[in-house]
Amino acid sequence: MISLAGRDILHAWGKFIFTGVGLGLLIGVTLTMAGVYRGMVDDANVLLDNSGADLWVVQQDTLGPYAESSSIYDDTYRGILGMSGVARAANVTYLTMQVRQLGDGKARDVRAMVVGITPDGPCHPGQPGYLVDGRHLTRGHYEAVADIATGFALGDHIQIRRNEYTVVGLTRRMVSSGGDPMVFIPLKDAQEAQFLKDNDAIVRQRARTEQNPALNRPGVPGLLDAVIASQSTNPSVNAVLVQIEPGADPDAVAEPIRRWKRLTVYTRAQMQDILIAKLIATSAKQIGMFLVILAIVSAAIVAFIIYTLTMGKIREIAVLKLIGTKNRTIAAMILQEAVALGLIGFVVGKISATFWAPIFPKYVLLEPGDALRGFVAVVVICVLASVLAIRAALKVDPAEAIGG
Amino acid sequence: MKKFLSTHGRTLALAGVLVLLLGLLAYVFLRAGPLAPVPVTLATVESREITPALFGIGTVEARYTHKIGPTFAGRIKRVEVQPGDHVKTGQLLGEMDPVDLDDKIGAQDAALKRAEASVLAVEAQIQEVNARKSFAETQAKRYEQLLVVRAVSEEAVEAKRQELQIAQASLSAARANLEASRQELARVRAERDGLIRQRANLRLVSPVDGLVTRRDADPGTTVIAGQAVVEVVEPGSIWINVRFDQQRALGLRAELPAQIVLRSQAGEPRAGRVSRIEPHADTVTDEVLAKVAFHQRPQTLPPIGELAEVTVALAAQKSMPVVPNASVQRVDGRLGVWVIEDGSLRFAPVKTGATDLEGRVQILQGLSDGERVVVYSQKALDAHSRIKIVDRILGKSS
């Protein structure tokens, strides 16, 4: 028995393929939008992963360090190191800012999250987990490890506030929850960068202090110097990242720190909740809403295309009926064509989404699960659409083949 | 026949398109999805000596800083020097307003003259008394002789003897007067000297050959006792006060060679030497403090307080297996490296030792020479990751 669908597709194969490709591009956009949404969530998750922490110790009653600002003294970590179950603890600072690349013809600004880490030994909490080039920080000052998304290369000089840093290592997928690439610098420099601002601001701050009669008294030489010196130190960090002993229960380790150190401690699950439920909630919902609408619109367009494709062949169907073709055969033909169109569309969509996803400035995560769901959805929509078309086709009067 | 060919052609074309699509799909699934292999680069573990080094930053400081100011509160009369001036030992830098000190010295001058005159007067008095005494002696002697021949009365002789005694007493009194006048003269002279010293103390002089680095107050300013007006440093005593992270400071000691890069002369390192490690560490910043001196004094004195980067080479470590620090990972709380064995990954826990500034880490335990370890990877690895070994992960351009 010859395949009616096959013959029909072969009859107008160009039209069929182009319709499929068009449909595929639409499906590709939908898949990409799902990827954008997944990418946002993934950005939040990799932020947690690449900090390498099991617990986040932050200022009391804040949602820091990612969702809110948090400030604790930089010697707090010593007390935490002494708590039971704590394997390693390290200070960390986060500051989202413009990082300026220096050099002739290369000068430009990059928005980045500057992370201050303690360059103590390999794999200390806060350090990037893996590199794609270069090395980790070894000096305590003026070195940087950057995410490749910043566009920096090894040996580049970048300026963060008042100091110049040399890029010594490159890493990948180290981003803030907002998708800004990270630049890792030594903690002491980062503390200074967070506090000291630029030279102009420092000079103005000094002038302001000098004009304050309470701080600049004629009879007390040295007071002004002492005040200015105390203004230009910053003993704060944003959080302490804690790695716990293997096998220890995060909650059991966190509880004594909360109780006795009077700090807020988040476990990984809580931090994930903060990031996904609070920090990126609105923008994720925004994208999610758009995704839903896009999916509905795509489904509608797929259905219309199949319906109109069938309607375009209504005369041929009438002829088929006239020569006594069974309804089942006609229905099978329409169904097979619809599903074939859907399959081509899905394949084109998946391919196109995969090829254009890396071009996006922010991360687009195409999950196999999403692809599978998309595949099922495409097939189901095609089947439903073909049901409509089949109903219309079967209702056609064979007489139309002659009379029309 | 034509129709057949045409159908056949169309089938071929359609099949071609479908095969192309399926091929692309397969490529997409195998290269971009979770099934895609992770590009990694490898390094071979090899034993070598590493020379750990210590990197710290510090500021240019002078070993000796002389802050010169008055010892009494007062107003500045003049300041003779400006920052940057070279001064000699004993050179006048400035002077405080003496207010009434000169008048007091004038008064003391007058008092001194008066005391001197009074000494002269008393001396004259002594001469006079001496004259009177010698006359009285002569008279007394003569009357004694006259009494022997009974030419005068006893009473007259008594009177002459009394006159002599009075003259002697007058002489003693006059001598005592002279002593008092001399003491008074000494007192007045001492007081005057004291005032002159005080006056000299108002002059601000440099205690050393050096460079004026600050001028904190100008003429007319009232300063309190001990407040610095001018600061002088000895250019030869310039050194760098460096802070090193305690974590890496093992092996830091005096006399180690160091390299100093001044911020204003970045790229031009100067040779130096660790002079001493401070007995006190900084408890707030967890840093060890050290002083690093230049081998050769810079031609132009770097500004005091300029930032300097100091790299101290520590003693070379004995040859041991070494890997790049990018290859060391922490998996499930254990430190280790990913070793390639027969094309598959194995996590080898290691114990790390010293590191150098180029990012090489000694492996004390867990690896041996010749093993191939993963250095860079496109993403975090686990034991089931499929890998693809490449030369570099990033293109040549970056």
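Below is a list of things to select, with a note on what you'll find at each stop.

First, some ground rules: this is a predicted model, where local features need pLDDT of at least 70, side-chain atom pairs count only at pLDDT 80 or more, and totals for chains, interfaces and linings use all residues. Residues are numbered from 1 along each chain as its sequence is written, while chains are lettered from A and ligands numbered from 1 in the order in which they are written.

**Stop 1: the domains of chain A**

Colour chain A by its domain assignment: domain 1 is 4–44 + 282–401, domain 2 is 60–196 + 236–262 and domain 3 is 200–233. Those bounds come from an automatic or database domain assignment. The C-alpha centres of domains 2 and 3 of chain A are 31 Å apart.

**Stop 2: a hairpin in chain A**

Select β3(A), residues 86–101, and β4(A), residues 108–117: they run antiparallel and 10 bridges join them. Strands here are DSSP runs of E, at least two residues long, and helices are runs of H or I, at least four, all numbered from the N terminus. Two strands pair if DSSP finds at least two bridges between them. Click on L95(A) and you'll find V114(A) as its bridge partner in β4(A). Six residues sit between the two strands of this hairpin, and G103(A) there has a positive phi near 120 degrees.

Which residue of β9(A) is the bridge partner of V115(A)? That's F184(A).

**Stop 3: the cores**

Next, select L55(A), W56(A), V57(A), V114(A), A144(A), V240(A) and V242(A): they have the most contacts inside the largest nonpolar core, which has 122 residues. A nonpolar core is a set of buried Ala, Val, Leu, Ile, Met, Phe, Trp, Tyr and Cys residues joined through C-beta atoms within 7 Å. "Buried" means 20 or more other C-beta atoms within 10 Å of a residue's own, "exposed" means 12 or fewer, and "partly exposed" is in between, with C-beta atoms placed from the backbone. Helix α2(A), residues 13–51, gives this core its largest share, 13 residues. Domain 1 and domain 2 of chain A each supply at least three residues to this core.

For a second, separate core, of 18 residues, select I240(B), F244(B), V274(B) and A308(B), which are among its members.

**Stop 4: chain B as a whole**

Along the principal axes, the C-alpha atoms fill a box of roughly 200 × 50 × 35 Å. Of the 398 residues, 25% count as buried.

**Stop 5**

Most residues other than glycine have a negative phi. R262(A) is not a glycine, yet its phi is positive, about 55 degrees. Look for R262(A) in the loop between α7 (250–260) and β12 (264–267) of chain A. Is R262(A) buried or exposed? R262(A) counts as exposed, with 10 C-beta neighbours inside 10 Å.

Finish at E255(B), where phi is positive too, near 80 degrees. E255(B) is in the loop between β12 (238–245) and β13 (257–262) of chain B, and counts as exposed with 8 C-beta neighbours inside 10 Å.
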